[in-house]
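Please have a look at the model first, and then we can walk through a few of its features together.

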Amino acid sequence: MKKKYFLFVLISFFLIYFLLYPVFHIFIQSFFQKGKFTLDVFKLTIGNYIIRKSIINSFLLGIIVVFTTSIIGVPLAFIFDRFYFKGKTILRILFLLPMIASPFVSGIGIKQVISRFGSLNILLLKLGIIKNPISFLGSGFLGIIILQTLHLYPIMFLNISSSLNNFDISTEEASYNLGASWFQTFLKITFPLILPGYFSASSIIFIWSITDLGTPLIFEYNNLIAVRIYNNIKDINTNPTGYALVFIVLFITISLFIFTKKYIEKTSYTTGRIATLHSEKIIERKFLLYSSLFLLLFISLIPHITLLLYSFSKKWFFSILPSQYTDEYYKIVFTHRLTKTGIFNSLIYSSISTTIDILLGFFIGYILVRWKIKCKGLLDILSMIPLLIPGIVLAFGYVGLFSNTLLDPIKNPVFLIILSYSLRRLPYIVRTTYSSLLQLNENLEEASYSLGADDITTFKRIIFPIVSPGIFAGGILAFSFSLMEVSCSLILAVREKFYPISKVIYILSGRVTDGPNTACALGVFGMIITGICLFISIKIFSKKIGDFFRIG
Amino acid sequence: MEREILRVENIEKKFDGKEVLKNISFTVYENDFFFILGPSGCGKTTFLRIIAGFTQPDRGRIILNKKDITNLPPNKRNIGFVFQNYALWPHMKVKENIAYGLKIRKYTDEFVKRKVEEMLEITKLKEIKDLYPNQISGGQQQRVALARALIVDPLILLLDEPLSNLDAKLRDELRRELKRIHKETEKTMIYVTHDQKEAMTLSTNIAIMKDKEIIQIGSPYEIYTNPKNLFVASFIGEINVIKGKIVEKIKENLVKIETDEGYFFSDLYKIPNSKDIFLCFRPESITKEERINVIKGRLKEYEFLGETLKLSIITEKGNIFKLSISPYDFEKYRRGENIIFSVEKEKFIILEE
C-alpha cells in the first residue's frame with residue numbers, strides 16, 4: 001500500500017509542478033506587483049487600443065470560424081449518417097484529411113493561390129471576370145479564417161457524426177408520426193438532441209481558433225491575442241502585459257470548458273441508437289451528391305494541393321500553376337543542416353514525449369480504475385487539466401517560470417519541449433486507458449491470479465493485450481500531433497540547434513528565394529507522416545476517433 | 001355492418017434484393033383490436049412501418065378511411081405509432097412529450113393544456129407529468145408513449161411490440177390497461193407481437209404471419225379451434241399431432257382414421273383433398289371416459305401450473321402427448337404409472353399434410 005501511495009504522490013506532484021505551478025505563476029504575475037494585489041496590469045493592457053482591438057479580433061475570429069465550420073461540418077455529418085451511397089467509407093476518411101496539415105503549414109501554399117498575383121487572380125483575369133487583381137488576402141484576416149475553417153471543420157463533422165451515431169432515429173419518426181414536418185422535427189427534436197455534441201465541437205474550435213499562433217504568424221497578421229502574447233515573450237521580465245493577456249486566454253478557455261461540461265452533463269441524453277430497419281436512405285440525386293461532396297473535398301484540400309505544388313515548383317510566378325517543376329527542395333530537406341536538425345529533433349522530442357504519455361497515461365488510467373486509494377479523484381482532475389491549458393499558455397508559463405533557472409529554454413529547451421508535448425496529449429491517453437480498463441472485467445485478472453500468475457505475468461498476458469490497441473492508437477495520434485505541434489515549439493525553441501520541424505518551417509517561410517519552397521517540402525513530409533498516423537488510428541478506433549476531439 | 005377503416009392490398013417489399021414481405025392483404029374494421037402475430041424476423045415490424053409511412057412498399061396499396069395513402073409522407077397520414085423502445089424525447093418532460101402533436105397542429109395553449117390533462121387522466125400519469133423520461137419507470141414510459149400517440153386522435157393506432165421491454169408482472173398489468181384504454185377510446189388499433197398470449201387476450205382479430213406472408217386471419221376462437229395448418233396450430237397454443245390416413249367414411253361427417261396408435265373416429269366439417277392427414281388435438285380436448293379414440297401410455301412428466309395440471313405421456317410406440325387436466329387430480333398421478341384417456345371425436349383438428 002505504501003508503494004501505491006508513493007507512486008500516487010509522485011505523479012501528482014509532477015503534474016502539479018509542471019501544470020498548475022506555471023498557471024499559478026501567470027496568475028501571480030498578472031495580479032500582484034511587488035507583493036501587492038493590483039489590477040494595474042489589466043488596466044494597462046485593456047487601456048491599450050491595439051491590444052483591445054486584438055482581443056476583439058480574436059473573439060470575432062473564433063465566432064466566425066465556429067460559424068463557418070458549422071456550415072460545412074453539420075450538413076456533412078447528416079449526409080454521412082442518414083444516406084447510403086457508394087464509397088461512403090473512403091469518403092469519410094478523405095474528409096478527415098484536412099486535419100493532417102496544420103493551417104500554419106498549409107498557409108504557405110494558400111498564399112500562393114490567393115495573393116494579389118496568385119493563381120486565383122490570374123485565373124479570374126484570364127477568364128475576363130476581373131480587370132484588376134483583387135486583394136483577397138487583405139490584412140490576412142480572411143486568409144486565417146479560410147485556413148482555420150478548412151482545417152477545423154472535420155472536428156465539427158466528427159462530433160456531430162458521433163452525436164448522430166448515438167441518436168435513436170425513432171425519436172424523429174415519432175415526431176413525423178405526430179404530423180411534424182422535416183423542419184419542425186429538426187428544430188424541436190434532432191437539434192436539441194445533438195446540441196451537446198455541437199456545443200462541445202464549437203468550444204474546441206473556438207479555443208483552437210483564438211489560441212492558434214502559427215496561422216496569423218504566416219499571414220503576418222498581428223492584431224490577435226496569440227500574436228501579441230508571442231511578441232511579448234521577448235520582454236517577459238520587464239513588461240507584464242503578456243501575463244495579463246495569457247490570463248485572459250486562460251480565463252476564456254477555462255470558463256468555456258466548465259460551461260460546456262456543465263451544459264453537457266445537464267443535457268446529455270444518450271438515446272442509444274436503435275437498429276431501425278434500413279435507416280440509411282438510398283440517395284436518389286446521386287450526381288448532385290457526389291459533385292457537391294467532391295467539390296467540397298477539393299476546396300478543403302486546396303491548401304494541401306498547393307503546398308504540394310509549391311514544394312515541387314521551380315518557377316511559379318504570374319501563372320495559375322507552376323511553369324517549371326523540380327525535386328531539389330526535397331533533396332534540401334534531407335541534406336540541409338537546418339531541416340535535418342528540425343526533423344531529427346522533432347522525431348526525438350515526439351518519440352520521447354509519446355513514450356512518457358503512454359507510460360504516465362497508462363499508470364494514471366490504471367490507478368483510477370483499479371486502485372482503491374483515497375484522493376485518487378485529485379489525479380483524475382490533474383490529468384484532465386491540460387485540456388484547459390492551451391499550448392501558448394503553457395509555453396508562456398514555462399518561459400516565465402524557468403527563465404534564468406536550470407531549465408531555462410534559452411539555454412536548453414529540450415526538457416520543456418518534450419514535457420509540453422507530452423502533457424498536452426496526456427488527457428487523451430488517460431482517457432483511452434481508462435475506458436479500455438473499464439471494459440476489462442476485473443475477473444479476467446483475478447482468473448489469471450487464481451491460476452498462479454504474478455502481477456507482471458498478468459499484466460503481460462492479460463491486461464496489456466486487451467488494452468494495448470486503444471493505447472497504441474492513442475499513442476500514434478499523440479505522436480503525430482507532437483510532430484507538427486506549433487505553439488510550444490515556436491515559443492520554447494529559441495536556438496537553432498533545438499528547433500523542431502514547425503519552427504524550421506516558420507523560419508524558412510520568412511526567407512526570401514527558396515525558403516518557402518523548402519518550407520513546403522518539409523511541410524509535405526510532416527503531412528505524410530501525420531496522414532499515416534491518422535489513418536492507422538482511424539483503422540483502430542473506427543468511429544470512436546471523434547472522442548479525441550470532444551469535451552465531456 | 002362494420003365500417004372498413006384500413007385496407008391493405010398486395011403489399012410487397014424487398015431490402016437489397018431480399019424479399020421481406022410478400023403479397024400482404026387484409027382489411028381492418030372500425031374499433032378492431034387487430035393483431036399481427038408471428039415469430040421474430042417474419043416481417044411484421046417492416047409491415048407496420050409501411051402502414052405508418054416510414055418505409056415505402058415496392059408494390060401494393062394502403063387505403064385508410066377510403067383514401068389511398070400509399071405515397072403520403074408519415075406526417076400527413078394521421079396514424080398513431082407506439083414504438084417498441086417508446087422513442088420518448090429525452091429533452092422534454094412527460095407533459096411536453098404528450099403535448100407535442102397538438103402543438104404541431106397549432107392548437108391554442110388552453111386547448112392543449114386541457115387535452116393533456118384529460119390524457120394524463122386516462123393514462124394515469126398525472127403525478128409524473130413534470131418528470132423527464134429518464135426519471136420514470138419502463139411501465140410509465142410505455143403509457144407516455146401511448147398517451148402521446150392517442151392525444152392527436154389518430155384514425156388508427158399502430159403498436160410495435162409495446163410490452164416487450166417490460167417484466168412479466170408489468171406486462172400483465174399493462175395488457176389490462178390497454179384493453180381498458182381500447183374500450184374507453186374506441187380507437188382502432190393494430191398491434192404487432194410475437195407473444196400469442198397477448199394476441200389471445202387482447203385481440204378481436206389476428207393475422208398470423210410466417211416468412212413474409214400472412215397465413216391466416218380470424219378471431220382468436222377461429223384460429224385456435226380451426227387453424228389452417230400445423231404452423232398456426234402449434235404457434236397458437238399447444239397441440240398433439242399424429243400422422244394418419246382416412247380409411248373409411250362411416251357416415252356424413254364421420255370418418256375412420258388409421259394411425260400407428262390404432263384407429264380413431266373423428267367428426268369432419270370439411271372433406272380434405274388428400275387421404276393422408278395430420279390428426280391433431282389440443283391438450284385440453286381429452287376425457288377420461290374410454291369408449292372410442294383411446295390412447296394408452298406411461299406418465300413421463302408432469303407440470304403443476306396452478307390453473308391446470310399438464311401431463312406428458314409416452315405411448316408404447318414412442319409417441320409423446322401433452323394432456324391438460326384439472327389441477328385437483330394432482331395427487332392421483334405418479335411418474336411411470338399407466339394412463340388411459342380418450343379424445344372426443346368432435347374435438348379433433350384434421351390438417352392436410
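How many residues of domain 1 of chain A are in contact with domain 2 of chain A? In this predicted model, 46 residues of domain 1 of chain A are in contact with 54 residues of domain 2 of chain A.

**The two domains of chain A**

- Domain 1 of chain A takes in residues 1–38 + 331–552, while domain 2 of chain A covers 39–271 + 283–326.
- Taken over C-alpha atoms, the centres of domain 1 and domain 2 of chain A are 24 Å apart.

**The side of domain 1 that touches domain 2**

- Five helices of chain A each supply at least two residues to this side of domain 1: α1 (2–31), α17 (391–402), α21 (487–492), α22 (501–509) and α23 (515–541).
- With 13 residues, α23(A) gives the most to the side of domain 1 of chain A that touches domain 2 of chain A.
- By residue class, that side of domain 1 of chain A divides into 27 nonpolar, 17 polar and two charged residues.

**The sheet in chain B**

- Chain B has an open sheet of four strands, ordered β2-β1-β4-β5, with antiparallel pairing.
- At the edges lie β2 (18–29) and β5 (67–68) of chain B, each of which pairs on one side only.
- Strands β1 (residues 4–15) and β4 (residues 59–64) of chain B run antiparallel and are joined by five bridges.

Methods. Residues numbered from 1 in each chain as written. Chains lettered and ligands numbered in written order. Predicted model: local features only at pLDDT ≥ 70, side-chain atom pairs only at ≥ 80, totals over all residues. Domains from an automatic or database assignment. Contact = placed C-beta atoms within 7 Å. Nonpolar A, V, L, I, M, F, W, Y, C, P; charged D, E, K, R; others polar. Pairing = 2+ DSSP bridges.
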